[in-house]
Amino acid sequence: NMDGHLLRFNNKDEIVFIDLETFNLCLNTCNNLPWQISMLKVIGNEIIDYKDMYVKWNTHLKISKGAAEITRFDPAKLERLGIDPKLAVETMVEWLDSSHKIIGHNILNFDIYLIKGICEKFGKPWKHYTDKIIDTNCVARGVKYGELPKKDDNLTEYQYRLANSPRKGVKTNLTALGKEFSIEHEYDRLHDAIVDLKLNLKVWNKLKYMIDL
């Protein structure tokens, strides 16, 4: 049985974990933009590099009070550390282009729409990312529902099916999964994007043994 192709055995290809913190929960860039783009570059189980970019858009958008509280949005920090959006998008694209897989939590229902929007703003192609995506929210649902991918399943379609079929009482947010898998983590610092991504990596490292991808 040649299982060598499974991601859990792959110790040479780069995987990029990505998380966007945004002004609100809207899915298009007319009404929403990411003020923080964070990425981990991972090979095997090792984090080999990371980027934590605060992005200073010239925008009328204001962060909603709820979003500000949840994401610990700090306007002074954004003002101090914020970089030009074009530079941020170029860095993001460079990382995503060179990755073998792109992993995020809830990325198919949220982040990918904003990635698409900001790529389009700067004339960067983005469609090729879709086939690289692994959404740990969808994968966790697949595991919990007992709906594992079949041999000839298209991975993207498989995940979209799960992305759009929440079930009452089934918790697959990162905190719930982390605690369920007894993962040690700084849970009180979640919603700092890098802290979230490190938890996402730990959750993925458990999930990848529960599902053949």
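I'm calling a residue buried when its relative accessible area is under 20%, exposed over 50% and partly exposed in between (1.4 Å probe, protein chains only). Housekeeping: this is a predicted model, so I note that local features need pLDDT of at least 70 and side-chain atom pairs pLDDT 80 or more, while totals for chains, interfaces and linings use all residues. Numbering runs from 1 along each chain as its sequence is written, and side-chain values use heavy atoms, without hydrogens or water.

**Strand β1**

I looked up β1 (14-22); strands here are DSSP runs of E, at least two residues, and helices runs of H or I, at least four, numbered from the N terminus. Eight of the nine residues in β1 are buried. I then checked its partners, where pairing takes at least two DSSP bridges between two strands. β2 (residues 34-43) runs antiparallel to β1, with nine bridges, and V42 in β2 is the bridge partner of I15. β4 (residues 101-104) is parallel to β1, with three bridges; there V16 has I102 as its partner.

**Cavity search**

I searched the whole structure and got one cavity of 30 Å³ or more. A cavity is a set of points on a 1 Å grid over the protein atoms alone where a 1.4 Å probe fits but cannot get out, and lining residues have an atom within 4 Å of a point. The largest cavity holds about 70 Å³, taken as the space filled by probe spheres set on points joined across faces, edges and corners.

Which residues line the largest cavity? I listed L7, N10, D13, I15, F17, V42, G44, L201, W204, N205 and K208.

Note on methods. 1 Å grid on protein atoms, 1.4 Å probe; cavity = no way out; pocket = protein on both sides within 12 Å on 5 of 7 lines; lining within 4 Å.
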